[in-house]
Amino acid sequence: MKEIYKLKNVYKIYKNFSSENMALDDINLELKEGQIIVILGPSGSGKSTMLNLLSGIDVPTKGTINFYDKEIGQLTDEELITYRKENLGFIFQSYNLISNLTVKENIELGLNLALNPLDINQVIETVGLKAHENKYPYQLSGGQMQRVAIARALVKNPKVLFCDEPTGALDEKTGKNVLASLQEINQKYKTTMIIVTHNPSIADMANTVIKMNSGKIKEIKTNKKQKDAIELRWA
Ligand SMILES: Nc1ncnc2c1ncn2[C@@H]1O[C@H](COP(=O)(O)OP(=O)(O)O)[C@@H](O)[C@H]1O
Ligand SMILES: [Mg+2]
């Protein structure tokens, strides 16, 4: 598999009036396309900062980040917008749905300016929302709302899906169902998944696990076999 991201000597330092906070401390990393990559670490370890840099929302203080052969730091503002629009999808702990739009209409928002979109009905099927497509968000459970958010990010057919604590607000059973949807999407569409979490149970479904602490990579682990999300054991 080709490398989709390559980070070389990446630092992110937040400066205050009186102190410096090293959110990322000399990160060197290569990520392969088509994989499920789990970034695991306690709160404050630099996981969200890492996602912000990979997605071009923020820039490193030092070092370089490549998306294939393009260095993200060298892109113009316009190229950055194109990079995000054409390649990236985002899922967060909060679902950010529009309350006066139906499930299907919320998902349609993801089609905005998509170059190579997937069939919306197929996506709704994949995430198991067919029976709910005409409902409004208030009529859904947390897990169903998260699956709407996943479908909205997926429908434009992104190369990479960034998931920041996607099950953070969900109970175990619902969380596993949401992760099962992500796993199915990865297999079906070969979408690269970068999942950030402090929940070590999620690591077993990854191809690659990156353990972080205090802005540093502590360990990179490759799972020869990936567990089905439904079979994960919540710690
Ligand atoms: N905008 C910011 N300004 C100052 N410090 C920040 C900012 N964002 C994150 N940090 C600090 O950087 C460190 C890493 O944060 P973060 O990447 O959000 O960690 P995680 O997502 O693993 O909880 C923390 O110490 C946090 O307080
Ligand atoms: Mg975070």
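Reply: Start with one pair of strands: β6 and β7 run parallel and share five bridges. This is a predicted model, where local features need pLDDT of at least 70, side-chain atom pairs count only at pLDDT 80 or more, and totals for chains, interfaces and linings use all residues. Residues are numbered from 1 along each chain as its sequence is written, while chains are lettered from A and ligands numbered from 1 in the order in which they are written.

Me: How do you know that β6 and β7 pair?

Reply: Two strands pair if DSSP finds at least two bridges between them. β6 and β7 have five bridges, so they pass the cut-off of at least two. In one of these bridges Phe92 is partnered by Asp164 of β7. The names come from DSSP runs, numbered from the N terminus: helices are H or I with at least four residues, strands E with at least two.

Me: What is the order of the open sheet of six strands?

Reply: The order is β6-β7-β8-β3-β9-β10, and the pairing is mixed.

Me: Why do β6 and β10 stand at the edges?

Reply: Each has a single partner strand, so one side of each is left without a neighbour in the sheet. Neighbouring strands here are turned by 15° against each other on average, direction ignored. Such angles run from 0 to 180 degrees between N-to-C directions, with axes fitted to C-alpha atoms, for helices over the stretch in contact.

Me: What makes β9 and β10 a pair?

Reply: Six bridges join β9 (208-213) to β10 (216-222), in the antiparallel sense. Thr208 has Thr222 as its bridge partner in β10. Two residues sit between the strands of this hairpin, and Ser214 there has a positive phi near 50°.

Me: Which strands form the other open sheet, the one with four strands?

Reply: Its order is β2-β1-β4-β5, with antiparallel pairing. The edge strands are β2 and β5 (70-71), since each pairs on one side only. β1 (3-15) meets β2 over nine bridges, and a hairpin of four residues joins the two. β1 also pairs with β4 (62-67), over five bridges.

Me: What makes α1 lie across β1, β2 and β4?

Reply: The term rests on contact, where C-beta atoms placed from the backbone lie within 7 Å. α1 lies across these strands and runs at about 120° to β1. In the other sheet, α5 lies across β6 and β7, at about 170° to β6.

Me: Which residues are around ligand 1?

Reply: They are Tyr14, Asn21, Ala23, Gly41, Ser43, Gly44, Ser45, Gly46, Lys47, Ser48 and Thr49. A residue is near a molecule or strand if its C-beta atom, placed from the backbone, lies within 6 Å of it. The largest share, three residues, comes from α1.

Me: How do the residues of that shell divide into nonpolar, polar and charged?

Reply: Two are nonpolar, eight polar and one charged. Ala, Val, Leu, Ile, Met, Phe, Trp, Tyr, Cys and Pro count as nonpolar, Asp, Glu, Lys and Arg as charged, and the others, Gly among them, as polar.

Me: How do you know the span of α6 is close to the expected one?

Reply: α6 (172-189) has 18 residues and reaches 26 Å from its first C-alpha to its last, against an expected 26 Å. The expected span is 1.5 Å times one less than the number of residues. Its buried residues pack against α4 (120-126), α5 (142-154), β7 (160-164) and β8 (192-197).

Technical notes. Contact = placed C-beta atoms within 7 Å.
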